[in-house]
Amino acid sequence: MSDINNPRTKEEWQRYFNQFSVEEVISKAKACNKNSFVRELIRQGYNLDEVQEVFTMMGVIILRGGYKPPTGNAYDLQVLARRSMANLDSIPTSEEIKDLD
């Protein structure tokens, strides 16, 4: 059995986030949506898809809780969450929109 405070798999991350209120997840998102946290997860053996999934989970929890995900410098949680909730990868990011101009 894994330590809930040291999640490794998608399911373990879901259980980890489930122990917190939406407001607490927002606080965690603000604290960890930084390149340094992403680099730490990569050092721990995560690949970029797995890292993105962690941030997507936070964004979905926050949106479903009726809040707007906070901004950070690593990921746009709102875009990730909306893509996941819509199950569409065709929603362009702001950078992709700018590239079309």
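**Figure 1. Leu-48 in helix H4 of the predicted model.** Leu-48 belongs to helix H4; helices (H or I, at least four residues) and strands (E, at least two) are DSSP runs, numbered from the N terminus. The model is predicted, so local features need pLDDT of at least 70 and side-chain atom pairs count only at pLDDT 80 or more, while totals for chains, interfaces and linings use all residues. Residues are numbered from 1 along each chain as its sequence is written, and side-chain values use heavy atoms, with hydrogens and water left out. Leu-48 counts as exposed because its relative accessibility is 54%; buried means under 20% relative accessible area, exposed over 50%, and partly exposed in between (1.4 Å probe, protein chains only). With neighbours within four places in sequence left aside, Leu-48 is in contact with Val-38, Ile-42 and Tyr-75, where contact means heavy atoms within 4.5 Å. Val-38 is ten residues from Leu-48 along the chain, and their C-alpha atoms are separated by 8.4 Å.

**Figure 2. Packing of H3 on H4.** Two packed helices are described by the angle between their axes and the distance between the axes. For helix H3 (residues 35-43) and helix H4 (residues 48-64), the angle is about 130° and the axes are 10 Å apart. H3 is therefore oblique to H4. Axes are lines fitted to C-alpha atoms, for helices over the stretch in contact, and angles run from 0 to 180 degrees between N-to-C directions. Angles under 35 degrees count as roughly parallel, over 145 as roughly antiparallel, 65 to 115 as roughly perpendicular and the rest as oblique. The crossing of H3 and H4 is right-handed; a crossing is left-handed if the near helix is turned anticlockwise from the far one by less than a right angle, and right-handed if clockwise. On the H3 side the contact involves Phe-37, Val-38, Leu-41 and Ile-42, and on the H4 side Leu-48, Val-51 and Phe-55. By class, the residues of this contact are seven nonpolar, no polar and no charged. Ala, Val, Leu, Ile, Met, Phe, Trp, Tyr, Cys and Pro count as nonpolar, Asp, Glu, Lys and Arg as charged, and the others, Gly among them, as polar.

**Figure 3. Packing of H4 on H5.** The axes of H4 and H5 cross at roughly 85° and come within 8 Å. H4 is therefore roughly perpendicular to H5. From H4, Gln-52, Phe-55, Thr-56, Gly-59, Val-60, Leu-63 and Arg-64 meet Leu-77, Gln-78, Leu-80, Ala-81, Arg-82, Ser-84 and Met-85 of H5. The residues of the contact of H4 with H5 comprise seven nonpolar, five polar and two charged.

**Figure 4. Packing of H1 on H4.** H1 and H4 pack with their axes 10 Å apart, at an angle of about 35°. Their crossing is right-handed. H1 contributes Lys-10, Trp-13, Gln-14 and Phe-17, and H4 contributes Glu-53, Val-54, Met-57, Met-58 and Ile-61. The contact of H1 with H4 has six nonpolar residues, one polar and two charged. Phe-17 is in contact with Val-25, Val-54, Met-57, Met-58 and Ile-61, leaving aside neighbours within four places in sequence.

**Figure 5. The largest nonpolar core.** This core has 19 residues, and those with the most contacts inside it are Trp-13, Phe-17, Val-51, Phe-55, Met-58 and Tyr-75. A nonpolar core is a set of buried Ala, Val, Leu, Ile, Met, Phe, Trp, Tyr and Cys residues joined through side-chain atoms within 4.5 Å. Helix H1 (10-18), helix H2 (22-32), H3, H4 and helix H5 (77-86) each give two or more residues to the core. H4 supplies the largest share, six residues. In the protein as a whole, buried residues make up 32% of the 101 residues, and the secondary structure comes to six helices and zero strands.

**Figure 6. Gln-19 in the loop between H1 and H2.** Gln-19 is found in the loop between these two helices. Gln-19 counts as partly exposed because its relative accessibility is 38%. The C-alpha atoms of Gln-19 and Ile-4 are separated by 9.2 Å, with the two residues 15 apart along the chain.
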